[in-house]
Amino acid sequence: MQDRIKVLIVDDSLIIREAIHKHLKQFNIEVVGTAEDGKVALEMFKATSPDIVTLDITMPEMDGLTVLEEMLKIKSDVKVMVVTALSDKATGLKAIKLGAKSFLPKPFTPDKIRDSFQRLIGQNL
Amino acid sequence: MNETDLHFFIDSTMNYFEEITNQKASAGIPYIKDEAPVVLEYTGIIGISGKRKGSIYITANEAMLSEIANIILGIDKLGKEDIKDLVGEIANTISGNVRQAYGSDFMISVPVVVEGQARDIKLPDNIQSFVVPLTWRDHKSFLVVCLE
Amino acid sequence: MSEKIQTGENQEEKHTNPASSDHPSGDDKSIILQTVEEGVFFLNSDFEIEPEYSSAFVDIVDQEVNPGQKFLDLLSHRVPENIINNLIEYLNLLFREDLDNETLDEINPLSKVEFHYENRWGLWTSSKFLSFRFRRLMNQAKIERLVCTVKDITQTESLTKKIEEIEETTNKQMDWLVNILRIAPPLLKEFIDVSETELDQIDTELKNFTSSNDCRPLLNKVIKSLHQLMNNASLLNLSIFSEKLLNFENEVQNLRDRENLNGSDFVPAVIQLGEVRQMLKDIKALMQRFKHYSNTLRPTRRYEGGLLIRTIENLVKNLSRQLDKKINFDAAHFDHAIIPYSHQQIFREFLIILVRFSIFYGIETPDERKSNNKDPVGLLQIETFSDRRICGFKLRHDGRLVRIERLLQKTIDSVETQSLRDHPLGSSQLGSEVVRLLFMPSLATPTLTEAEYIKEIFGEMEMVKKKLKMHRGRIKITFTSENFCEYTISLPIS
């Protein structure tokens, strides 16, 4: 049996964290943690070494782009899906340039997040 | 337009005078432009587009422009074309500052120079325009800012 | 081949020869590019435009396109710099195989962009909204080049923008309507007219001010005007307007507290003035739309009279609350109908000023009244009167005329009224002297903590005097020093 994909969900909104968890249930995943700010996210990342991270940009303590950079330093092959209310193209470009593999603006529908995730895991893991 | 914008345009213009002529200009109390024309003998206009739209222009008389040219170039009497060049240059410099500060969200047109006080400079009706009276030495000129 | 296509003779051949229909030939491609309505072009890995592109592409960008030209040059001075900077990043990302099309679509900086068209002097003449899309063409599993399309989406964008603007305007207007619909149109119209006049006046004063003068008197004048407008707004409960005026006043107050002002320092105040004037203009435009409605349903005189009484009642209530006083207001003998229409505005102004003056300066607090063996609840009455020649109103209260002992002390101390010391006034002379002094703010202003407010009230009394003179009216004040004061204001009817 294929190993479950380890996912870390990072967003300062509880509702969004729950929604992402719910919408991704159909995939063979294990949610190894949820974090509401950048600092906690990094600690969890180090502890759990997830395969995929869903990451918000505007968060307290540490903004998402800084967190993204730090995560990639720790584990360069992690796949990060930036999920953010900052839907301007410049932020998305920056995130992808830094190494994120996917960009999903909020508000997102269940189908949209599932499609994004599907494409992400469809890539060589 | 907010107060930061208007401050910025005023400061850019003041800086220009001070840097180019080593003499400060002073800004009078700004006021909201009404139907009365605000045009002197030569006017340099720049258009702004992009995230916000509008126009800025600076209007002055030949006497002041000649004195400025004298300081910059040591020329006593300026030809018409040189005067137009100068007013365009002033507008260009202000626009350069605008580009630098507001830069990437804005597009700045090349300056257009209008000669004569025949009619008022056409500005968008739906945006409030602010007039800033300027005094350099004893010369009066105006900076007019119209920005969304 | 093109002949076959044109005549359609060899359609069957085309269909039975699948290999030839998989990839269009050069000629087919050319025809497609000539016919298709979308702008289509190709970019190589150096982001240069390749020789094949659709004629629609040239039409849409409305400029000469040269094969080999850099795509970024085409956009230079047509779209903002930040978009061009983002585009450079984006085009590089398009050549990365690890990124999928959907993700790249999300971050496409040209998905919707305002594209400006210039004339030969570099002046913008117009703009359109364009949408560029990019797809990758693979060759042996490597990204070789990009196929790009551009569409004119101006109509859709304009419509969307218009809808957004309409929504925003509608919401703003709904907020205003909630505030203004409950106000009688004549009152609102008067408020707007007075406000416009005052604000125009302020603008003119600023325009004509020469910086060699001390600007404090100008600023004081502006604040005085604003106070009047704020009072009017609060009488009508126009909170949207009061708030805007308050912001304006705060900026002017900031200026007044500073030294060595220059023109630039006035910027925040002027911006606020602009916003207030714009709001007035918008409300006026809104009222125009309701003009017919208001003309058809113009309130009766009795209704208008009722509104005036309610206005005064509100004023009494609010001031009493602010000053911790208890006041009974009696308007049983006030008949609005006997006041000619031409005098109504001025009577209303006088009433408001005198009520404020009486409550602030005349009627004491409950404790003060108790210690003077008076009913803790004060009484304020208004009534109208008229005959063939004149009409007017009386306002009476059972407080003191004014803090009369202080006023008198100041009077006695002043050089102008030196004679008082030598020749004590009889009570009627005292009465007229007090009336005279009431309209001399410079003498009457005491050194109290509420000096500003008092200055303003005495300023208003000065205005009453001026306006009465203008309308050939009269004022009479009857009082005792302790518990009675009656103002009688009359104007000739003609």
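**A strand of chain B and its partners**

A: In this predicted model, B:Ile58 stands opposite B:Leu143, a residue of strand 8 of chain B. That facing pair belongs to an antiparallel pairing between strand 4 of chain B and strand 8 (residues 139-147) of chain B, which runs over 6 bridges.

Strand 4 of chain B also pairs with strand 3 (residues 42-50) of chain B, again in the antiparallel sense, here over 7 bridges. In this second pairing B:Thr43 stands opposite B:Thr59 of strand 4 of chain B. The link between strand 3 of chain B and strand 4 of chain B is a hairpin through 3 residues.

Is strand 4 of chain B enclosed, or is it open? Of the 7 residues in strand 4 (residues 54-60) of chain B, 6 are buried, so the strand is largely enclosed by the rest of the structure. A residue counts as buried here if 20 or more other C-beta atoms lie within 10 Å of its own.

Now the contact between chains. Chain C brings 26 residues into contact with 26 residues of chain B. On the chain C side, the elements giving two or more residues are helix 7 (81-94), strand 4 (124-139), helix 10 (185-208) and helix 13 (267-289) of chain C. Helix 13 of chain C gives the most, with 8 residues. Sorted by class, this side of chain C has 11 nonpolar, 11 polar and 4 charged residues.

How values were computed: Residues are numbered from 1 along each chain as its sequence is written. Chains are lettered from A and ligands numbered from 1 in the order in which they are written. This is a predicted model: local features need pLDDT of at least 70, side-chain atom pairs count only at pLDDT 80 or more; totals for chains, interfaces and linings use all residues. Two residues are in contact if their C-beta atoms, placed from the backbone, lie within 7 Å. Helices (H or I, at least four residues) and strands (E, at least two) are DSSP runs, numbered from the N terminus. Ala, Val, Leu, Ile, Met, Phe, Trp, Tyr, Cys and Pro count as nonpolar, Asp, Glu, Lys and Arg as charged, and the others, Gly among them, as polar. A residue is buried if 20 or more other C-beta atoms lie within 10 Å of its own, exposed if 12 or fewer, and partly exposed in between; C-beta atoms are placed from the backbone. Two strands pair if DSSP finds at least two bridges between them.
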